[in-house]
Amino acid sequence: MSSFSPAPASISVPRASERPTPPKARTAQRDAFFDNAKYLAIVLVAMGHAWEPLRADSRTVTALYTIVYAFHMPAFIIISGYFSRGFDASPRKIKRLVTGVVVPYVVFETAYTYFTRWSDGVPDRPVSLLDPLYLTWFLAALFVWRLTTPVWNKLRHPLPVALTVAALASLSPGIGGDLDLQRTLQFLPYFVLGLCLRPEHFKLVRTWRTRLLAVPVFLSALVFSYWAVPRMDYAWFFHRAAAQEFGVPAWYGPLMTLALFGCSLTLVACFLSWVPGRRMWFTTLGAGTLYGYLLHGFLIQAGNHWEWFRHDWPHSPLGEIAVTLVAGLAVTALCTAPVRRVFRCVMEPRMDWAFRQDRNREPASAPA
């Protein structure tokens, strides 16, 4: 029969700073790498929109525009897919889908309709929730992608199936514009790829060898993009039209689907390899990228209405650099905490009044 022995008096209770982090606190911590990647991607989105009026007068701007559009939205969508892996259509996830995607879509689709009535000079533009306007297409697509996540998680080979769906969409000009389904289907492989990725895959692209290899790859892509400006339609990277709408044979569609997927995936790997993994001054802004994405469109639309590009200075090299910096600073400001506090009521509403309480939910704290 064993006897109980008291703990030696020399053992001291660890200080609070030395105690292990509770599991719940650890899971609440955000990964700096992904926040950094989202922030840098949203800055490139804003810069790309600011470059649009300057493309006609500058081959260099058009080449940079083509490169950015080749990977910035694919990177954003891949990360969205990666963080959607746990979507299981449970009541809690459905509530988050409604409050974080559906409500912002309805609010900003309506807001952009009324705003562009003024900015575009179309006073009778109707409010249509089935026809995403301007930037809201991403929310409509994210809603569809996330709802279908349980299906993709059950398939044995989800990525080849998603690529097949995208290829078939590129053959089908009659899909129509409801929920911007053409773009939703053509961008689908990037979301499904994100569902298939694991942490070790992101570690693979962040090795020093990959970072070094990314330099000549990206420089080669820049040279090719500059060469291709007068020879290729960069609108292929928008993924919102079928092959026949480009005036080419239908079989170009599946071929371009695979070629663009390979090209975009290579550039996304280059981009992610250069994203810092440690906390930076902009890391906290990564949590507000959806705010920056949806709000910066009003600045772009207002600038286009006032025709800022009619002046000569934006078309000079220094002017193009200034436009790029202003776009980056503007979207950075829109990702900050004060802006998020103001617009959280429509971007992340609680809406507890609209949902039933889950009676099967476990209590917040269980007895030890």
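A cavity is a set of grid points where a 1.4 Å probe fits but cannot get out. The legends below refer to a predicted model.

View 1. The model holds 1 cavity of 30 Å³ or more. The space within the largest cavity amounts to about 40 Å³. Its lining is made up of Ser 170, Gln 186, Trp 236, His 239, Ala 241, Gly 253, Met 256, Thr 257 and Leu 260. Helix H12 (residues 252–274) supplies the largest share of this lining, with 4 residues. Sorted by class, the lining comprises 4 nonpolar and 5 polar residues, and no charged residues.

**View 2. Helix H9 and the helices packed around it.** Helix H9 spans residues 188–196, and it is largely enclosed by the rest of the structure because 8 of its 9 residues are buried. The buried residues of H9 are Leu 188, Pro 189, Tyr 190, Phe 191, Val 192, Leu 193, Gly 194 and Leu 195. These buried residues pack against helix H3 (59–82), helix H5 (137–147), helix H6 (149–154), helix H7 (158–169), helix H8 (181–186) and H12.

**View 3. Pro 189 within helix H9.** Pro 189 is a residue of helix H9. Its relative accessibility is 1%, so Pro 189 counts as buried, the limit being under 20%. Beyond residues up to four places away in sequence, Pro 189 touches Leu 159, Ala 162, Leu 163, Ala 166 and Phe 261. The C-alpha atom of Pro 189 is separated by 8.3 Å from that of Pro 160, with the two residues 29 residues apart along the chain.

View 4. Thr 99 belongs to helix H4, which covers residues 91–119. With a relative accessibility of 5%, Thr 99 counts as buried. A polar atom of the Thr 99 side chain lies 3.4 Å from the backbone oxygen of Arg 96. When neighbours within four places in sequence are left aside, the contacts of Thr 99 are Pro 104, Met 347, Glu 348, Pro 349, Arg 350, Met 351 and Phe 355.

**View 5. The salt bridge between Glu 348 and Arg 344.** Glu 348, one of the residues in contact with Thr 99, meets Arg 344 in a salt bridge between side chains, with an N to O distance of 3.8 Å. Glu 348 is partly exposed at 34% relative accessibility. Arg 344 is also partly exposed, and its relative accessible area is 34%. Elsewhere, salt bridges with shared partners join Arg 30, Asp 35 and Lys 38 into one network.

**View 6. The salt bridge between Arg 30 and Asp 35.** Side chains of opposite charge can pair when their charged atoms come close. In the salt bridge of Arg 30 with Asp 35, the closest N and O atoms are 2.8 Å apart. Arg 30 is partly exposed, having a relative accessible area of 49%, whereas Asp 35 counts as buried at 5% relative accessibility.

**View 7. The salt bridge between Glu 307 and Arg 310.** Glu 307 and Arg 310 form a salt bridge in which the closest N and O atoms are 3.5 Å apart. Glu 307 counts as partly exposed, with 35% relative accessibility. Arg 310 has a relative accessible area of 59% and is therefore exposed, for which the limit is over 50%. The model's salt bridges come to a count of 8.

Definitions and conventions. Residues numbered from 1 in each chain as written. Predicted model: local features only at pLDDT ≥ 70, side-chain atom pairs only at ≥ 80, totals over all residues. Heavy atoms only, no water. Helix = DSSP H or I, 4+ residues; strand = E, 2+ residues; numbered from the N terminus. Buried < 20%, exposed > 50% of the residue type's maximum accessible area, 1.4 Å probe, protein only. Polar contact = N/O pair within 3.5 Å; in protein donor to acceptor, adjacent residues only side chain to side chain. Contact = heavy atoms within 4.5 Å. Salt bridge = Lys/Arg side-chain N within 4 Å of Asp/Glu carboxyl O. 1 Å grid on protein atoms, 1.4 Å probe; cavity = no way out; pocket = protein on both sides within 12 Å on 5 of 7 lines; lining within 4 Å. Points joined across faces, edges and corners; volume = space filled by probe spheres on them. Nonpolar A, V, L, I, M, F, W, Y, C, P; charged D, E, K, R; others polar.
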